[in-house]
Amino acid sequence: MSNQPLIPFSTTLHVRDTCLCLHAQRAARALARRFDAAFKPLGLTNGQFSLMMALNRPEPPPMGPVAHLLAMDRTTLTAALKPLTQRGWVAVVADEKDRRGKRLKLTETGMAVLAEAVPIWRREHEELEAGLSIDPQILRQGLIEVAR
């Protein structure tokens with residue numbers, strides 16, 4: 001037996017009931033499952049949808065701002081891009097202003113997949129928000145504040 005003090009079970013219950021990190025993780029997993037299932041007919045995951053939406057800009061963005069927007073490091077972003085580039089949905093192109101830099105561009109095929117995904121996202125999002133017992137904008141604002 002260890003001489004470490006035992007943590008009372010009441011502490012476990014308190015953490016279970018009040019931990020913002022735990023509740024955010026659980027909510028993120030539930031949302032991921034929901035949107036993964038909705039996007040499955042397109043062969044797309046919710047993470048890929050978010051990444052491709054982050055690339056839907058007038059000019060192909062550099063990797064840094066995309067990684068920042070998605071709260072990823074560049075290595076994680078590079079790994080997330082791999083299946084999208086293999087499928088021909090995203091192209092990694094040289095930056096015309098700085099050949100050392102890379103820009104991320106949706107291909108025509110990628111844009112077509114994204115165009116099919118947006119109505120699915122809208123439908124799922126409307127259903128999700130309609131089922132919430134709180135104002136979705138308050139929830140969004142709270143999550144934005146936590147992510148700062």
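User: Which way does α3 pass α6, in a left-handed or a right-handed crossing?
Analyst: First, a caveat: this is a predicted model, where local features need pLDDT of at least 70, side-chain atom pairs count only at pLDDT 80 or more, and totals for chains, interfaces and linings use all residues. Residues are numbered from 1 along each chain as its sequence is written, and side-chain values use heavy atoms, with hydrogens and water left out. A crossing is left-handed if the near helix is turned anticlockwise from the far one by less than a right angle, and right-handed if clockwise. For α3 passing α6, the crossing is left-handed.

User: Which residues of α3 and α6 make the contact?
Analyst: Contact here means heavy atoms within 4.5 Å. Helices are DSSP runs (H or I, at least four residues), numbered from the N terminus. From α6 come G110, L114, A117, V118 and W121, and from α3 come F49, M52 and M53.

User: How many residues of that contact are nonpolar?
Analyst: Ala, Val, Leu, Ile, Met, Phe, Trp, Tyr, Cys and Pro count as nonpolar, Asp, Glu, Lys and Arg as charged, and the others, Gly among them, as polar. The contact of α3 with α6 has no charged residue and one polar one. The nonpolar count is seven.

User: Why do F39 and F49 count as a stacked pair?
Analyst: Rings of Phe, Tyr and Trp (its six-membered ring) pair if their centres lie within 6.5 Å; planes under 30 degrees apart count as stacked, over 60 as edge-to-face and the rest as tilted. The ring centres of F39 and F49 are 4.7 Å apart, so they pair, and their planes sit at 25°, so the pair is stacked.

User: Is F49 buried or exposed?
Analyst: Buried means under 20% relative accessible area, exposed over 50%, and partly exposed in between (1.4 Å probe, protein chains only). F49 has 7% relative accessibility, so F49 is buried.

User: What is the angle between the planes of F49 and W121?
Analyst: F49 in helix α3 and W121 in helix α6 are 72 residues apart, so this pair links distant parts of the chain. Their rings are 6.4 Å centre to centre and stacked, with the planes at 20°.

User: Which residues form one aromatic cluster?
Analyst: The whole structure holds three aromatic pairs. The residues in one cluster are F35, F39, F49 and W121.

Note on methods:
Helix = DSSP H or I, 4+ residues; strand = E, 2+ residues; numbered from the N terminus.
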